[in-house]
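Dear colleague,

I am handing over the structure below, and I would be grateful if you could read the notes after it with the model open.

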Amino acid sequence: MGFHLFPIITFLMASLVATNNAELSPQIYWKSLLPETPMPKAITSLLHPTVDYEGDGTDVNVGGGNGGVSVGAGKRGKPVHVGVGYSPFDYVYAATETQLHHDPNVALFFLEETLRHGSQINLHFTKPSNLPSFIPRRLADSIPFASTKAKEIFKKLSIKPDSDDAKSMLNTIVSCEKPAISGEEKQCVNSLESMVDFCTSKIGKNVAAVSTEVSKESVLQKYTVTKGVKKLGEKEGVVCHLQNYPYAVFYCHKTETIETYYVPLEGADGSRVKAIAVCHTNTLGWNPKHLAFQVLKVEPGTLPICHFLPEDHVVWVPK
């Protein structure tokens, strides 16, 4: 979903003029704390070249995000679109009977054995479009982010309270306010600086930040896992999911029970994808009616549950 940008841009331009010119840009902040960690594509794509991060008010461009990975379920038919902030990444979410039969996300999840060389999966990789941009932390912190302050947020960003944009924003905020499940630490971050701070506070500064990279958008087709599958990190990491919001907000959650994999894929048309997959090795805290269990016919806490990440999500793992 895109957002009506003109009033938001007007607000941000006026606000950026008032920021401190001496404040570090998000890029410099990253390099100062993580000099040996390259920025993944999921981050650089949100550092819009027309955003004035130095605060002199030259230009601003922010937008809504809408991208991800679509997964086909074979005879189950419908492709799966992993939209930013979509509820399958909320592990307390319970799928209804209607969703189980009609929700296209039924094919989102798979078992860890699928990651072996030669396995084939029906996938549809899409290129994210109309992505939001990061804004400086000082500006992000000046805008409320709480369901109790929804009216103030909508007024500040000139969002009509009864609009679809407002509903989408409120859904994001409410999802961020939900308590973490057992063994999880979470935080919604509203700037690149706050993402760096949260992730490094959980797993240290000797880290890699990785994301799925799609060379070109493809049709729904069969992808083969090729040679080179590699495990990244050791049973812990922070996964950050881009949310649907006028500027970049990520839902980041740290767990010590994940396995992260780099998975090279080759499509039937010859296209290649550098995919990142996350496997959750302890799902005891998930809702027993979560979509993954119903689709894969497994019980919570038995087998690892895996999913590929959309191109606009990030995984942080210790090196």
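This is a predicted model: local features need pLDDT of at least 70, side-chain atom pairs count only at pLDDT 80 or more; totals for chains, interfaces and linings use all residues.

Residues are numbered from 1 along each chain as its sequence is written, and side-chain values use heavy atoms, with hydrogens and water left out.

Helices (H or I, at least four residues) and strands (E, at least two) are DSSP runs, numbered from the N terminus, and two strands pair if DSSP finds at least two bridges between them. Strand β14 (residues 305-308) pairs in the antiparallel sense with β3 (residues 110-111) over 2 bridges, where L111 stands opposite I305. Strand β13 (residues 272-280) also pairs with β14 in the antiparallel sense, over 4 bridges, and here C279 is opposite C306. From β14, I305 and H307 point one way and C306 and F308 the other, and all are buried (under 20% relative accessible area, with exposed over 50% and partly exposed in between, for a 1.4 Å probe and protein chains only).

The structure holds 8 salt bridges (a side-chain nitrogen of Lys or Arg within 4 Å of a carboxyl oxygen of Asp or Glu). In one of them R137 meets D197, with the closest N and O atoms 2.5 Å apart; R137 lies in helix α5 (residues 137-142) and D197 in helix α8 (residues 192-203), so the pair ties together parts that are 60 residues apart in sequence.

Best regards
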